[in-house]
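Please read the following report alongside the sequence and the model, which are shown first.

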Amino acid sequence: MTDSGETLRAAYFTLGCKLNYSETSEIGKMLAERNILRASGMEIPDICIVNTCSVTEMADKKGRQLIRRLHTRWPEAAIFVTGCYAQLKADEISAIEGVDMVVGNDRKMELPQLIDEWIEKRTKRVEITPSLSITRFQGACERGDRTRWWLKVQDGCDYFCTYCTIPFARGRSRSGRIDELVEQARGAAEAGGKEIILTGVNVGCFGLDTGESFFELLRRLDEIEGIERFRISSIEPNLLTEEIIDWIATDSRAFMPHFHIPLQSGSDAVLRLMNRRYDTSLFASRLDYIKKRIPDAFIGVDVIAGARGETKEEWRRSVEFIQSVPYSRLHIFPYSERPGTKAVLLGGEVDRHERHLRVEELSRLSDERLREFMRSYVGRERPVLWEHPTTDDPGVMHGHTDNYIRVTAPTRPEFLNTVTTARLDSFDLSSPETLRAILL
């Protein structure tokens, strides 16, 4: 580490969800204001910020491996670990060689002050608030080094699904205030932002603690000049109302025809074991209504494969149901045992090999449906927000259509961070999930 009066360099590493990415970007902005700048190129960082995930056993493992790699690569760098893994298993992380501070989810936005204190005293610290005592909402509206912005509107969850650790990692549901969130979004517009993704743990619960409503938030954000696109990162099917769908279909100026809706299982028996708050009938009705009102909508669906109680019979029911609904793509997760959840007390464990086979089956279904969805748009014109090219291939820029088809085209600097109409031409042979586009 350099002396406190000098400029420090920080490197940022994020695992998990878009909510984590938005928070890491906000932390980076706050540290830059304190003259702790992002390390670039071959610079050796003085500080490594690791924002972890703990949604699965594999997520924990990736967090541990990342921390150890960072310490091996930069043994003199201080390592500060935050996020859900840090909240749930602070002692385990603190024992990893090279870790200087472990910071819980409700304290992560205090990292600038905590780092100031660490620079002065250089003592290892663990800063954790018991999860169910977390009451503060800490906002974030940033883009980091990306083109699209994330606006955190909600945090925590009151659902306590039997397989899930999120209420223990993030605390109870809590929301920002609409006026404050609108101001943050206006700030993104003033900074040149064109698209904002609304993030949270359970965004449909927005406002239940403040007396405001999620629909009211959507309408207020839709009025902001300069922002051409909004997307909802994920919303529970029981909280996505027909009123919201109708409004996006007919009245919204900027909310895109794109939905991400967790299913988790296509078996009502397994949904009950999971303590989910809907059944397959409600889920199917929501997807059918979306397609009726917004035929071009892209619908991503989360599914867990191999949950406890998912017998071979229930698995077949689940697959048959999934095939019957108009999803565009599946996001598939093998069931992972999480200590402290009620699911570990249930019977009907599915062995790892069978879980793997079920993931493979769902992956094939997802690939087929996604290609079918994309194929139906070849030769058609759609608006695309062009994002900055990657360092791996600066000659190619990529973007997403309004209905979330990923596309590529030769880089045209004047098109970056703009929405233009493009003709979707053919599948990109280097990426089966991408279409090539012709700039118009």
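## Residues with positive phi

Y404 is placed in the loop that runs between strand 17 (396-401) and strand 18 (406-410). In this predicted model, the phi of Y404 is near 65°, a positive value in a residue other than glycine. Most residues other than glycine have a negative phi.

Q264 also has a positive phi, near 80°, and is likewise a residue other than glycine. Q264 belongs to strand 13, which covers residues 258-264, and with a relative accessible area of 9% Q264 is buried.

Is E127 buried or exposed? With a relative accessible area of 15%, E127 counts as buried, because that value falls under the 20% cut-off. E127 lies in strand 6, made up of residues 125-127, and the side chain of E127 is joined to that of R125 by a polar contact of 2.7 Å.

When residues up to four places away in sequence are left out of account, E127 touches V102, V103, G104, R107 and L114.

## Nonpolar cores

The largest nonpolar core of the model comprises 71 residues, and those with the most contacts inside this core are L151, I196, L198, F214, L221 and V301. Helix 7 (residues 178-190) gives the most to this core, contributing six residues. Apart from this core lies another, of 20 residues, which includes I27, M30, L31 and L111. In soluble globular proteins, nonpolar side chains tend to be buried together.

L151, one of the residues with the most contacts inside the largest core, touches A140, C141, L181, Q184, A185, I196, I197, L198, T199 and L221, again not counting residues up to four places away in sequence.

## Packing of helix 12 with helix 13

How do helix 12 and helix 13 pack, and at what angle? Helix 12 (residues 312-324) and helix 13 (residues 352-375) pack at an angle of about 10°, and their axes are 12 Å apart. Helix 12 is therefore roughly parallel to helix 13, a description that applies to angles under 35 degrees.

On the side of helix 12, the contact is made by K312, W315, R316, V319, I322 and Q323, while helix 13 supplies R358, E361, L362, L365 and R369.

Terms used
Residues are numbered from 1 along each chain as its sequence is written. This is a predicted model: local features need pLDDT of at least 70, side-chain atom pairs count only at pLDDT 80 or more; totals for chains, interfaces and linings use all residues. Side-chain values use heavy atoms; hydrogens and water are left out. A nonpolar core is a set of buried Ala, Val, Leu, Ile, Met, Phe, Trp, Tyr and Cys residues joined through side-chain atoms within 4.5 Å. Buried means under 20% relative accessible area, exposed over 50%, partly exposed in between (1.4 Å probe, protein chains only). Helices (H or I, at least four residues) and strands (E, at least two) are DSSP runs, numbered from the N terminus. Contact means heavy atoms within 4.5 Å. A polar contact is a pair of N or O atoms within 3.5 Å; within protein, one must be able to donate a hydrogen and the other to accept it, and residues adjacent in sequence count only if both atoms are side-chain atoms. Axes are lines fitted to C-alpha atoms, for helices over the stretch in contact, and angles run from 0 to 180 degrees between N-to-C directions. Angles under 35 degrees count as roughly parallel, over 145 as roughly antiparallel, 65 to 115 as roughly perpendicular and the rest as oblique.
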